[in-house]
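Subject: Structure for your review

Dear colleague,

Please find below the structure that I am handing over to you. My findings follow it.

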Amino acid sequence: MPDLDTIRARYLAEIAEAADEAALEAVRVRALGRKGEVSLMMRELGRMSPEARREAGPRLNALRDEITAAIAARRAALADAALEARLRTEWLDVTLPARPMARGTIHPVSQVTEEVVAIWADLGFSVAEGPQIETDWYNFDALNIPPEHPARQEMDTFYLRRAAGDDRPPHVLRTHTSPVQIRYMEAHGVPCRIIAPGRVYRCDYDQTHTPMFHQYEGLAIDRDISMAHLKWVLEEFCRAFFEVEEVELRFRASHFPFTEPSAEVDIRCSWKDGQLRIGEGEDWMEILGSGMVHPKVLAAAGVDAEIYQGFAFGMGIDRLAMLKYGIPDLRAFFDSDLRWLRHYGFGPLDVPTLHAGLSA
Ligand code: DAH
């Protein structure tokens, strides 16, 4: 048998000199690999006489263990050295100011308002606005809402107090966006194609009603506008807004003082596993009120109803937001704590949104 002390000294020297993990592994293979020098010697043991084996066996085992331990120690030393080197070259400046964290989100009502405006802009409608504090003339009379109409009751309408001794009719917080129809036609005449989004107010509070909510009004007046146009633009709107290929709308005869004929419009939908799907299924959901603008309303706005006609409609923006984003309780929109918005996918303000696109 070769001189084990020489072999031992050689391997320990090679291990000590191994400059990296690869060199170390090469030494290990040469000594202890399947065809390694020490391994081959250990295989020889089987062919030895029992006396020779008793003498050589423990010495070979000890050699193998010593080389194994030396390799492990060297490997740990190399790792330490590598870490030392990294620590010397890599460093963080912990005194740098932190990047600001975006916490704000676009409110769903704002986002949906902008989605709505963008869609109607494509259909050729511009945006009009009116005051939230209205006269009862614009909010009721001009819209052919008679003095005894239930909507005028104090239960439904917020009235503003007049000064003592002033007996003009009180102002109201507008109960709908319909007065913008009158104001717009008065100021700009016809033909016209507008939508009028904004806040409206009613004395109401439950899961689907809040005292302040959002509507938008649509109005298209020209010489030859019919309900067929109304139906087409509403279908176009619903397809774009709900992002579905096909929608089916159902026009139900109804009554509004400011339209004749009047229709409430339902959209085909389904509820599956608590999920609303628009455009399919067996259910119908009411999404708006509409009709052909009443001649008295045109007259109140100074428009010749013998020449001009057109349609109007009113839609709840909060309701659209609830439907599109699956938000069950309207009151959540106007709580002070809006962290729940993240749950419905409304990301921080630095995430590109339609809002960012429009303001850019
Ligand atoms: N103003 C109605 C409301 O607030 C909605 C509405 C219905 C508006 C029919 C319209 C219309 O323009 O034609 O409930």
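In what follows, helix axes are lines fitted to C-alpha atoms over the stretch in contact, and angles between N-to-C directions run from 0 to 180 degrees. Please note that this is a predicted model.

The pair of helices H2 and H4 may be taken up to begin with. Helix H2 covers residues 21-32 and helix H4 covers residues 50-89; their axes lie 10 Å apart, at an angle of about 175°. Angles over 145 degrees count as roughly antiparallel, and H2 and H4 are therefore roughly antiparallel to each other. On the H2 side, the residues in contact include Glu-21, Leu-24 and Arg-28, while those of H4 include Ile-67, Ile-71 and Leu-78. The residues of this contact comprise 6 nonpolar, 1 polar and 6 charged.

Next, the nonpolar cores. The largest has 44 residues, and Trp-120, Tyr-216 and Phe-237 have the most contacts inside it. Several elements each supply at least two of its residues, among them helix H5 (108-122), strand S5 (212-222) and strand S7 (259-272). Helix H8 gives the most, with 7 residues. Trp-120 touches, among others, Phe-125, Ile-195 and Phe-313. Another core, of 26 residues, lies apart from the largest one and includes Ile-145 and Tyr-184.

Finally, the cysteines. A disulfide is a covalent bond between the sulfur atoms of two cysteines. The count of disulfides here is 0. For Cys-269, the nearest cysteine sulfur belongs to Cys-238 and is 11 Å away. Cys-269 is buried, with a relative accessible area of 1%, and Cys-192 is buried, at 8%.

Yours sincerely

Methods:
Residues numbered from 1 in each chain as written. Predicted model: local features only at pLDDT ≥ 70, side-chain atom pairs only at ≥ 80, totals over all residues. Heavy atoms only, no water. Helix = DSSP H or I, 4+ residues; strand = E, 2+ residues; numbered from the N terminus. Parallel < 35°, antiparallel > 145°, perpendicular 65-115°, else oblique. Contact = heavy atoms within 4.5 Å. Nonpolar A, V, L, I, M, F, W, Y, C, P; charged D, E, K, R; others polar. Core = buried A, V, L, I, M, F, W, Y, C linked by side-chain atoms within 4.5 Å. Buried < 20%, exposed > 50% of the residue type's maximum accessible area, 1.4 Å probe, protein only. Disulfide = S-S within 2.5 Å. Lists of a residue's contacts leave out its neighbours within four places in sequence.
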